[in-house]
Amino acid sequence: MALTSQDIARIANLARLELSENESERMLAQLNGFFGIVEKMRAVDTAGLTPLAHPVAAIQDVPLRLRDDVASEPDQREANQKSAPAVERGLFLVPKVIE
Amino acid sequence: MSMTSTALHDLGVAQLAQALRERRVSAVEAAQHFLARAQAHQNLGAYVAVNADATLAQARAQDAAIAAGTAGPLAGVPIAHKDIFVTRGFPSTAGSKMLAGYQSPFDATVVTRLADAGAVTLGKLNCDEFAMGSANENSAVAPVGFEAPAPVRNPWDTDRIPGGSSGGSAVAVAARLAPAVTGTDTGGSIRQPASFCGITGIKPTYGRASRYGMIAFASSLDQAGPMARSAEDCALLLSAMCGPDPDRDSTSLDMPAEDFGRTLNDSLDGLRIGIPAEFFGEGLAPGVRAAVDAALKEYEKLGAKLVPISLPRTELSIPVYYIIAPAEASSNLSRFDGVKFGHRAKDYADLVDMYKKTRSQGFGDEVKRRIMIGTYVLSHGYYDAYYLQAQKIRRMIADDFQAAFRQCDLIAGPVAPTVAWKLGEHGSDPLADYLADIFTLPASLAGLPGMSVPAGFGEGGMPVGLQLIGNYFGEGRLLNAAHRLQQATDFHLRQPGGL
């Protein structure tokens, strides 16, 4: 199964990437080359196996931890917004979303 | 007694820490010495940021702590961080245009822990963009002393790559521009550059070191670890780096900090070292094989027994890793949207156009490729066939290791099929880099601790690393085995010429 240039355009849109025509062509060839080596993986019989997310779960239970839902950090808004591209009165600025 | 400054960079971490404690050298002198060396050898492209004022302020604080008798185990030892860890006082860029000049408001937990132990930060080290690469050829950041991105050069042969993604880290240690550094390993990014540059590096069990403040690539694989000249030095740093971080990293393991150095000198008598047949097949360079075989012979002399084992899914680890890591990366990198931090495109039509232009300008080719792969394998209709299938085979790979560890205590083999290749040799073929990761990926997928130990020299006189893989939480045993080898050999003490 090979990807087409339409697939590349669809995936790029999902990933919020804009690819030039040259980039798209290269990407198509490289991704098809890559999925060539992935085919071997698809043939493996994995019936009944549970996917492994936290690798240490291969030998012991790794409980998912949740932090108590309480404010524990001091207000650092100014420091946190120092590297933001556009800020006004403590708010992040984005282009107009609703007309 | 005052130490001559030429000797300072020949000291390992343990010796330097002792000299600092005994006040034979001050933290300020040590910091100045390494900053001067970093500048003198900036042609190697190892550092991407230095800030002498910040470094010397930290050094003065350590001199005061030493004088006051409140010094930590690494008091005044200068180190440098892979630029994937966020740090205050230095830009944190992850090797990306997306984060050019980014100033983090906080320090990564690993950075904090090392500073608490007394380490002084010399600067930030070059790496592949978002740690995606095996040659450090994917950095988009200009090294210190350069106007534009420039290759990181292997000090053993400056026409060759240092390995990646922690390439700047490995070069800094090999060229003695820092006695020890941090790195991160997602699919081999500590072990492979350590091997290519002839130094020692260890990736601990997944979950041992906090990922808080490590700019995320693939969250279920990323692990921090130290790189230094010797196993003894790695043990000192690793002991400071590891420990639970329950409030800040949800995958951090609830395991107490440990002194990984306490078993360094244990005997290897009767140690069973598993030799996976799959690591010694076709494609392994003869020079690499010879160096690895010689190291294994040393282990036999030290009392270890070599046991043939099989890791039958070694080859499958390539597609499995290159599905899982890009999937997680595509999710992690969705945060770079030009709103809260980092680059934002100048001209755009609307919000979605701003996202697209920002991301297309900010990310380099390899990062875009992995985002594309990841987005595709997570998309509707493909998730089960790719991502879930890969996670299931990941369990098989982890189970294969557990079966192997019933027959042996450690596993040994090459780190990579070849020595460091020439800059640009793999051209624009990303698959060539992916395939070269074959021996480091299995332990990454299983979350096992692994290390690279200098084992000699192969093709072109380039360094070869021996890979040691331990069972979960077996870092102490790994470092012990590496240390004993380093007592019997001197490959870790060799240094490139011209420095």
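Since the model is a prediction, local features are taken only where pLDDT is at least 70 and side-chain atom pairs only at pLDDT 80 or more, while totals for chains, interfaces and linings use all residues. Residues are numbered from 1 along each chain as its sequence is written, and chains are lettered from A, with ligands numbered from 1, in the order in which they are written.

Chain A is made of 3 helices and 2 strands, and from the N terminus they come in the order α-α-α-β-β. Here helices (H or I, at least four residues) and strands (E, at least two) are DSSP runs, numbered from the N terminus. The radius of gyration of chain A is 23 Å, whereas a compact globule of 99 residues would be near 13 Å. That radius is taken over C-alpha atoms, and the globule rule is 2.2 Å times the number of residues to the power 0.38. Along the principal axes, the C-alpha atoms of chain A fill a box of roughly 55 × 50 × 25 Å. Buried stands for 20 or more other C-beta atoms within 10 Å of a residue's own, exposed for 12 or fewer, and partly exposed for anything in between, with C-beta atoms placed from the backbone.

Leu19(A) sits in the loop between helix 1 (5-14) and helix 2 (21-42) of chain A. Leu19(A) counts as buried because it has 21 C-beta neighbours inside 10 Å. Apart from neighbours within four places in sequence, Leu19(A) is in contact (C-beta atoms, placed from the backbone, within 7 Å) with Ala12(A), Ser24(A) and Met27(A). Asp69(A), 50 residues away in sequence, lies 41 Å from Leu19(A), C-alpha to C-alpha.

Between the chains, 44 residues of chain A are in contact with 59 residues of chain B. Helix 13 of chain B gives the most to its side, with 13 residues. That side of chain B divides into 31 nonpolar, 15 polar and 13 charged residues. Ala, Val, Leu, Ile, Met, Phe, Trp, Tyr, Cys and Pro count as nonpolar, Asp, Glu, Lys and Arg as charged, and the others, Gly among them, as polar.

Chain B also holds an open, mixed sheet of 11 strands in the order 1-3-2-4-6-5-10-11-9-7-8. Two strands pair if DSSP finds at least two bridges between them. Strand 1 (47-50) and strand 8 (305-309) of chain B are at the edges with a single partner strand each, so one side of each has no neighbour in the sheet.

Strand 11 of chain B is mostly covered, with 8 of its 8 residues buried. Pro463(B), Gly465(B), Gln467(B) and Ile469(B) point one way from this strand, and Val464(B), Leu466(B), Leu468(B) and Gly470(B) the other. Strand 11 of chain B pairs in the antiparallel sense with strand 9 of chain B over 5 bridges, and Pro414(B) stands opposite Leu466(B). With strand 10 of chain B, strand 11 of chain B pairs in the antiparallel sense over 7 bridges, and here Phe457(B) stands opposite Pro463(B). The hairpin of strands 10 and 11 of chain B has 5 residues between the strands, and in it Gly460(B) takes a positive phi near 70°.

Definitions and conventions. Contact = placed C-beta atoms within 7 Å.
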